[in-house]
Amino acid sequence: MAKKKKRPTTPAVIRENIQLYLLMLPVFILIVIFCYGPMFGLVIAFQDYMPGSPFFGESVDWMGLRHFQRFIQGKYFGRLITNTLVLSGLNLLFGFTAPILFALLIDQVKRVRFKKLVQTASYMPYFISTVVVAGMVLSFIDKGGMVTRFLTLFGLPDQNWREQASAFPAIYTVTNVWKGFGFGSILYISAITSIDQSQYESARIDGANRGQQCWYITLPGIKNIIAINLIMAIGGILGTNSDLILLLYTPATYDVADVIGTYTYRLGIQGGQYSYTAAAGLFMSAIGFTLTYIANKVSNRMTGYGLW
């Protein structure tokens, strides 16, 4: 099949689509101001920056790549990378698959009222503030809390699980999945409803059960959405939910909970080491972009879908 020629952008085409351009203009302005504008400040990663000093000029003390070298050779680098990959990997494994499984299960529910009730209930945690969610979780896992008392039925001690380093990855992962799986399933549910129903009718006539219909029709029908979301998830694997970790962790769990985001917060916001933490953040972003590029290439080759 011959490729469709791209329509050239001419003044007539612009006038024809002027309403769409105006509709996109506010979003474009916000992106430029809040996403691309602050990127100018990345220059401090190569300086010994002090608040109030200029970004350029004779008084600027340029450090080159010394901040990056200090971060990579620092005694906490191994721990930060390991914790970030472990927590992000767990979130990728369970947080990415849970919305897909939930969407597939919801699609099998035939009672419309019950289906809408379950969907609405699953969306609600996403709209609860992270601070409120963290407060709820801390009360549940505290000594005498609801979850703690439930675990005692299985012989586990009645203790504050927040202080147990071995329990933190599970607490973080379960909280993340519970908060986001419902909202994350919206895109998959919408994609499933757009699949041609005649395919299911043909499959049923051929004797396919629900599992076979799901495997051979539903999953291939949402393959493009899964591929794109997976690319974005892999690209953000170093960007753990630092806000939630800051609210959940304690010095007793630093060995398993301290990630790049929390480390830069403590040294940058609380410690005033702006140049050093800017270098650490830039390093993390560069790795994330590289992973996104590689994942996109692999997805394009294997599935035919990608971000570009």
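Modeller: The buried residues of helix H15 are Ile260, Gly261, Thr262, Tyr263, Thr264, Arg266, Leu267 and Gly268, where buried means under 20% relative accessible area, exposed over 50% and partly exposed in between, with a 1.4 Å probe and protein chains only. Helices here are DSSP runs of H or I with at least four residues, strands are E runs of at least two, and both are numbered from the N terminus. The model is predicted, so local features need pLDDT of at least 70 and side-chain atom pairs pLDDT 80 or more, while totals for chains, interfaces and linings use all residues. Residues are numbered from 1 along each chain as its sequence is written, and side-chain values use heavy atoms, with hydrogens and water left out.

H15 spans residues 260-270, and because 8 of its 11 residues are buried, this helix is largely enclosed by the rest of the structure. The elements packed against its buried residues are H3, H4 (77-108), H13 (242-248), H14 (254-257) and H16, contact being heavy atoms within 4.5 Å. After H15 comes Gly272, with a positive phi near 75°.

Two of those neighbours, H3 and H16, also pack against each other. The axes of H3 (residues 66-73) and H16 (residues 274-302) come within 9 Å and cross at roughly 75°; axes are lines fitted to C-alpha atoms, for helices over the stretch in contact, and angles run from 0 to 180 degrees between N-to-C directions. H3 is therefore roughly perpendicular to H16 (65 to 115 degrees; under 35 is roughly parallel, over 145 roughly antiparallel, the rest oblique). On the H3 side the contact uses His67, Phe68, Arg70, Phe71 and Ile72, and on the H16 side Ser275, Tyr276, Ala279, Ala280, Leu282 and Phe283. These residues divide into 8 nonpolar, 2 polar and 1 charged, counting Ala, Val, Leu, Ile, Met, Phe, Trp, Tyr, Cys and Pro as nonpolar, Asp, Glu, Lys and Arg as charged, and the others, Gly among them, as polar.

His67 of H3 is buried at a relative accessible area of 8%. Its side chain reaches the backbone oxygen of Gln47 at 2.9 Å. Beyond neighbours within four places in sequence, His67 is in contact with Ala45, Gln47, Asp48, Ser275, Tyr276 and Ala279. Ser275, in H16, counts as buried with 4% relative accessibility. The Ser275 side chain reaches the backbone oxygen of Ile44 at 2.9 Å. Setting aside residues up to four places away in sequence, Ser275 touches Ile44, Ala45, Gln47, Asp48, Tyr49 and His67.

Elsewhere, the axes of H8 (residues 168-184) and H9 (residues 186-193) come within 5 Å and cross at roughly 25°, which means that H8 is roughly parallel to H9. Gly182, Phe183 and Gly184 of H8 meet Ile186, Leu187 and Tyr188 of H9, and this set splits into 4 nonpolar, 2 polar and no charged residues.

As for the whole protein, the secondary structure comes to 16 helices and 0 strands. Buried residues make up 32% of the 308 residues. Of the contacts with a separation of 6 or more, 64% join residues 24 or more positions apart. The C-alpha atoms fill a box of roughly 75 × 70 × 35 Å along the principal axes.

Note on methods:
Polar contact = N/O pair within 3.5 Å; in protein donor to acceptor, adjacent residues only side chain to side chain.
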